[in-house]
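User: I would like to go through one protein model step by step. Please keep the answers plain.

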Amino acid sequence: MAEGHNKPEVESTSVPVVVFIEPSNNAVRISFKIRKADDLERAFAQKHLKVVMIRAETYLILMRKPFRVRAEWRGIDMSFLVTNFHTEQMLKYKLADFVLHVIEVVSKEITLNSLTYHARARTLAKSADFVLPMFVSR
């Protein structure tokens, strides 16, 4: 899966996520952090990832708490640990597809929640019933 180095590799620096891959003798740790534009997206990410982490036992390779050891790993949102037992029991391409799918779904959910929230706020602000008290003439 990854070459043997003593430092983790940054495999992807695409817009929604940064992925760290740290190989060892019998396992690979895959950690990622989702780029969040503002405090609202941070809050949505925290809530959504909390729900996913609660169900970590159902996803055999998902770690309950993200792995944060190095300074550059601050802000890691989710970690997967794929051991040699997982690669022997499961199909390797399915494991990779699962990790990519989870990253895509989490990123899409956070973005969708943020867009929905802003659209609802915009609709509320444009409605005739909503007037800020400080702008009402007396």
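Predicted model: local features only at pLDDT ≥ 70, side-chain atom pairs only at ≥ 80, totals over all residues.

Analyst: Residues are numbered from 1 along each chain as its sequence is written, and side-chain values use heavy atoms, with hydrogens and water left out.

User: How many residues of strand β3 are buried?

Analyst: Helices (H or I, at least four residues) and strands (E, at least two) are DSSP runs, numbered from the N terminus. Buried means under 20% relative accessible area, exposed over 50%, and partly exposed in between (1.4 Å probe, protein chains only). Strand β3 covers residues 27-34 and is mostly covered, the buried count being 7 of its 8 residues.

User: Which residue in β3 stands opposite I21?

Analyst: Two strands pair if DSSP finds at least two bridges between them. Strand β2 (residues 17-23) runs antiparallel to β3, with 7 bridges joining the two. They form a hairpin with 3 residues between them. Opposite I21 stands I30.

User: Which residue in β4 is the bridge partner of A27?

Analyst: β3 is also joined to strand β4 (residues 78-83), by 6 bridges, and these two run antiparallel. The bridge partner of A27 in β4 is T83.

User: What does helix α1 pack against with its buried residues?

Analyst: Helix α1 (residues 39-54) reaches 23 Å from its first C-alpha to its last, close to the expected 22 Å; the expected span is 1.5 Å times one less than the number of residues. Its buried residues are L40, E41, A45, L49, V52 and M53. They pack against β4 and α3 (92-126).

User: How many residues apart in sequence are the parts that the pair of F32 and F80 ties together?

Analyst: Rings of Phe, Tyr and Trp (its six-membered ring) pair if their centres lie within 6.5 Å; planes under 30 degrees apart count as stacked, over 60 as edge-to-face and the rest as tilted. A search of the whole structure finds 3 aromatic pairs. F32 and F80 form a stacked one, 6.3 Å centre to centre with 20° between the planes. F32 lies in strand β3 and F80 in strand β4, so the pair ties together parts whose separation in sequence is 48 residues.

User: Are F32 and F80 buried or exposed?

Analyst: F32 has a relative accessible area of 0%. The relative accessible area of F80 is 1%. Because both values are under 20%, F32 is buried and F80 is buried.

User: Which helices hold F44 and Y117?

Analyst: F44 and Y117 form an edge-to-face pair, 6.3 Å centre to centre with 75° between the planes. F44 is partly exposed at 21% relative accessible area, and Y117 is partly exposed at 46%. The pair ties together parts 73 residues apart in sequence, because F44 lies in helix α1 and Y117 in helix α3.

User: With which residues is V106 in contact, leaving aside its neighbours within four places in sequence?

Analyst: Contact means heavy atoms within 4.5 Å. V106 is one of the buried residues of α3. With those neighbours left aside, its contacts are I34, H48, L49 and M78.
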